[in-house]
Amino acid sequence: MPAPQVVDSAAAAVPLPPAALSTPPATSAASAAAPTIPAEPAVVQSLALPARPVPTGFRDLSPAQRAAMVETTSDGLRLPRIAPDGWMPWIANARRFDPAGPPARIGLLMINLGANEAAMTRAIEELPAEVSLAFLAATPDLPRWLARARALGHESYLMLPTDDPMAAERGIRPIEANADAAENLRRLRLSLARGTGYVGLVLPSTGPVTQSEAVLRPLVKEIAEHGLALVEINPSRDSAPVQRLTAEFGAGYARSADVLDYKLAGESVLANLDRLTAWVAEAPAGEAPRHAFGVMQPDDETIDAIVAWSRRRPERPAMSFVPLIGHFECREACMVRLRTQPAQLRP
């Protein structure tokens with residue numbers, strides 16, 4: 001037996017034609033003496049492998065665990081809730097980050113997505129995954145957009161419908177300071193039922209609703225009891241009752257006064273981003289590391305500025321670019337609720 005030969009690549013077997021199978025090969029002295037020339041190996045086409053799923057940074061909860069965080073009310077609304085095993089939507093739906101990274105933290109929140117589909121699409125598909133997104137509750141086909149944002153790694157929120165111009169035409173009446181508490185709670189629940197998978201609600205603290213503790217108290221209590229968090233945008237830095245109420249009712253809370261698309265003395269969005277970055281990085285010696293997140297509206301200039309800023313990340317001082325969950329505070333009542341969370345609770 002001749003010794004086996006090692007070849008560089010395998011050739012696919014080629015079936016013989018029927019005539020070759022039935023007719024014995026002719027032999028002659030000439031053909032017997034002629035050297036055998038091996039046939040060219042056939043090219044083997046590799047099978048296409050399925051694309052690997054892109055890691056999104058979210059907890060991998062089972063369908064049963066996710067279903068346990070949704071309740072269906074007697075009037076057919078599907079609302080978030082704290083699951084019987086302790087999972088709270090604001091923790092389960094948050095994007096994870098590395099708490100061992102640089103302690104100085106910066107974040108970005110784009111609000112009021114949904115009024116313009118083109119801008120919403122750009123924000124979801126082009127912004128870095130660390131940018132958190134807040135959707136208008138009246139956004140058409142909101143569950144699909146929430147799912148798309150999550151698939152691309154964005155942490156999602158809903159805007160509290162106080163100044164949403166689309167709300168009425170989409171069947172949601174905005175929460176109003178002159179409406180009674182029961183009616184405002186009904187409107188809040190209609191908004192919460194528009195989708196699932198979000199962390200909490202964003203409240204712009206510039207109107208009468210969020211400046212009135214009497215109006216806010218039942219709303220914050222309801223939001224906390226559904227296991228959701230609250231984000232306050234208050235550029236005036238004036239005192240508002242939102243933080244005090246979240247501490248009382250045990251909800252996660254974050255606040256920003258940095259509206260980055262507000263033009264001050266001709267500054268651009270990119271210049272405002274750079275200024276916020278510098279402030280976070282320059283904590284004086286002996287002070288705790290700084291953290292802050294900036295807020296902006298969805299438009300082409302802002303999206304372009306964030307993309308350009310993100311590409312310069314290696315040039316930035318040592319800091320962590322984290323989703324909004326990395327900027328939350330959790331006071332005593334909130335910590336009591338967190339202790340009932342499953343063992344998987346990690347940043």
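**An aromatic pair and its surroundings**

Guide: F321 is buried, with a relative accessible area of 8%. Please keep in mind throughout that this is a predicted model.

Visitor: What makes F321 count as buried?

Guide: The word applies under 20% relative accessible area, and F321 has 8%, so it is buried. W309 is buried as well, because its relative accessible area is 1%.

Visitor: Which parts of the chain does the pair of W309 and F321 tie together?

Guide: W309 belongs to helix 12 (residues 300–311) and F321 to strand 11 (residues 320–321), so the parts joined are twelve residues apart in sequence.

Visitor: How do you know that C330 and C334 form a disulfide?

Guide: The sulfur atoms of a cysteine pair have to lie within 2.5 Å, and those of C330 and C334 are 1.9 Å apart, so the pair qualifies. A search of the whole structure finds one disulfide. The link of C330 and C334 is left-handed, with -100 degrees about the S-S bond.

Visitor: Are C330 and C334 buried or partly exposed?

Guide: The two cysteines fall into separate classes: C330, at a relative accessible area of 23%, is partly exposed, whereas C334, at 1%, is buried.

Visitor: What makes you say that the charged end of R150 sits over the ring of F58?

Guide: The distance part of the rule asks for CZ of Arg within 6 Å of the ring centre, and the charged end of R150 is 4.2 Å from the centre of the F58 ring. R144 likewise lies over the face of W145, at 4.6 Å from the ring centre.

Visitor: Why is D141 called partly exposed?

Guide: That class lies between the 20% and 50% limits, and D141 has 44% relative accessibility, so it counts as partly exposed. N112, with a relative accessible area of 23%, is partly exposed too.

Visitor: What does S191 touch, and is it buried or exposed?

Guide: S191 lies in helix 7 (residues 181–192) and is buried, because its relative accessible area is 1%. Not counting residues up to four places away in sequence, S191 touches A137, L158, P161 and I172. The C-alpha atoms of S191 and L136 are separated by 9.2 Å, although these residues are 55 apart along the chain.

Visitor: Where is P289, and which residues is it in contact with?

Guide: P289 is in the loop between helix 11 (269–281) and strand 10 (291–296). Leaving aside neighbours within four places in sequence, P289 is in contact with P103, A104 and A283. P289 is partly exposed, with a relative accessible area of 42%.

Visitor: Which residues touch the most other members of the largest nonpolar core?

Guide: Of the 53 residues in that core, L108, M110, L127, L133, F135, L188 and L201 touch the most other members. Helix 9 (residues 213–225) gives the most to this core, with six residues. A second, separate core of 30 residues includes W90, V199, V295 and F328.

Visitor: How much of the whole protein chain is buried?

Guide: Buried residues make up 44% of the 347 residues in the protein chain, which has 13 helices and eleven strands.

Conventions. Residues numbered from 1 in each chain as written. Predicted model: local features only at pLDDT ≥ 70, side-chain atom pairs only at ≥ 80, totals over all residues. Heavy atoms only, no water. Helix = DSSP H or I, 4+ residues; strand = E, 2+ residues; numbered from the N terminus. Buried < 20%, exposed > 50% of the residue type's maximum accessible area, 1.4 Å probe, protein only. Core = buried A, V, L, I, M, F, W, Y, C linked by side-chain atoms within 4.5 Å. Lys NZ or Arg CZ within 6 Å of the ring centre and 35° of its normal. Contact = heavy atoms within 4.5 Å.
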